[in-house]
Amino acid sequence: MLPLSPLCCAAYAADAEVIDGIAAVVNGDIITYSQVRYLVAPREKLLRSQYTGEELVKQIKEARQAALKDLIDRQLIIQAFKKESYQIPDHFVDQRMHEIILENFGGDRNTFIKTLEAQNYTLGEFKKVEMERMIVQAMRSKNVKRDMIVSPTKIEEYYKTHRDEFTAKEQIKLRLIMIPAHANDGNAATQRSMAEEILGKLASGAEFDRMAQIYSEDSSRELGGDWGWIDRKTLAAPLEKVAFNLPVGRISNIIEFNGNFYLLKVEDRKGGARPTLAQVRDQIEKKLLQQEAQNLQEKWIASLRSKAYIRTF
């Protein structure tokens, strides 16, 4: 299947029977319901696999409204192109057609034509769609300043206010021994003494996983107390504070929490490092330039809308 324009692809995926009519008028140019349905058909197919009932109706309505808005904006751009008396040379379109045939059909023009026919598209209609796509792309590019500059102050401010974006998620590889205090049985002192004994054995070289298998009453006992790699917020706050501040290979002191005694060992650590501003300056600048370009695009389209006669049905 030829990956044609979104409109053409959607036509292939749309329902066989399409009730047509006027969806919008843009300065005298008409956008039909069939155009909207064609454009939104792939999205609708996905929505029908995800939703049912009233929620499906709502999602489809929103998708069609978004598609109509896109078609209106597209028509406004094409009209602006014509108003300025711009032209796209025929050989540009012919070159694009050649690229499509080469990339998707191995250069076989006959197969390309047959694919168009199977989708009820003429070569002329397809060329018109491709030309309009080129027009929209050219006009959007024209209305973005080529010499945009992002000030160092903006880059530094973005860096300061988006710390999480540049900081790799911090994780530790943890082993844990849990000794219940049995305070209700009056055995808390005995249980603490056991925890102290275990800590002494660990300090003398006993293997943490072996001690966990023998003494721990945590669910990870059979695994030698192995919790694997964990993020922050995995443990209760008092345990997390100790665990994420332990050096690799170090065993914690006894932590008393929620009626239990805990011993923790951090076997490895990763993430948590934040690159310097110098390391991500180019990345931030590129992102801010893209945002500024998008803002300019939206302002330009808004100005076209404000001067246009647009009526939807």
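Visitor: Which residues are buried in helix α5 (residues 109-118)?

Guide: First, the ground rules. This is a predicted model, where local features need pLDDT of at least 70, side-chain atom pairs count only at pLDDT 80 or more, and totals for chains, interfaces and linings use all residues. Residues are numbered from 1 along each chain as its sequence is written, and side-chain values use heavy atoms, with hydrogens and water left out. Buried means under 20% relative accessible area, exposed over 50%, partly exposed in between (1.4 Å probe, protein chains only). Helices are DSSP runs (H or I, at least four residues), numbered from the N terminus. In α5, Phe-112, Thr-115 and Leu-116 are buried.

Visitor: Why do the buried residues of α5 line one face?

Guide: An α-helix has 3.6 residues a turn, so residues three or four places apart point the same way. Down the axis of α5, the buried residues fall within an arc of 100°, taken over directions from the helix axis to the C-beta atoms.

Visitor: Which elements do the buried residues of α5 pack against?

Guide: They pack against α4 (90-105) and α6 (123-142). Contact means heavy atoms within 4.5 Å.

Visitor: Which exposed residues sit on the face of α5 turned away from its buried side?

Guide: Asn-110, Lys-114, Glu-117 and Ala-118.

Visitor: What is found at the start of α5?

Guide: A side-chain oxygen of Asp-108 comes within 3.1 Å of the backbone nitrogen of Asn-110. Just after α5, Asn-120 has a positive phi of about 60°.

Technical notes
Helix = DSSP H or I, 4+ residues; strand = E, 2+ residues; numbered from the N terminus. Polar contact = N/O pair within 3.5 Å; in protein donor to acceptor, adjacent residues only side chain to side chain.
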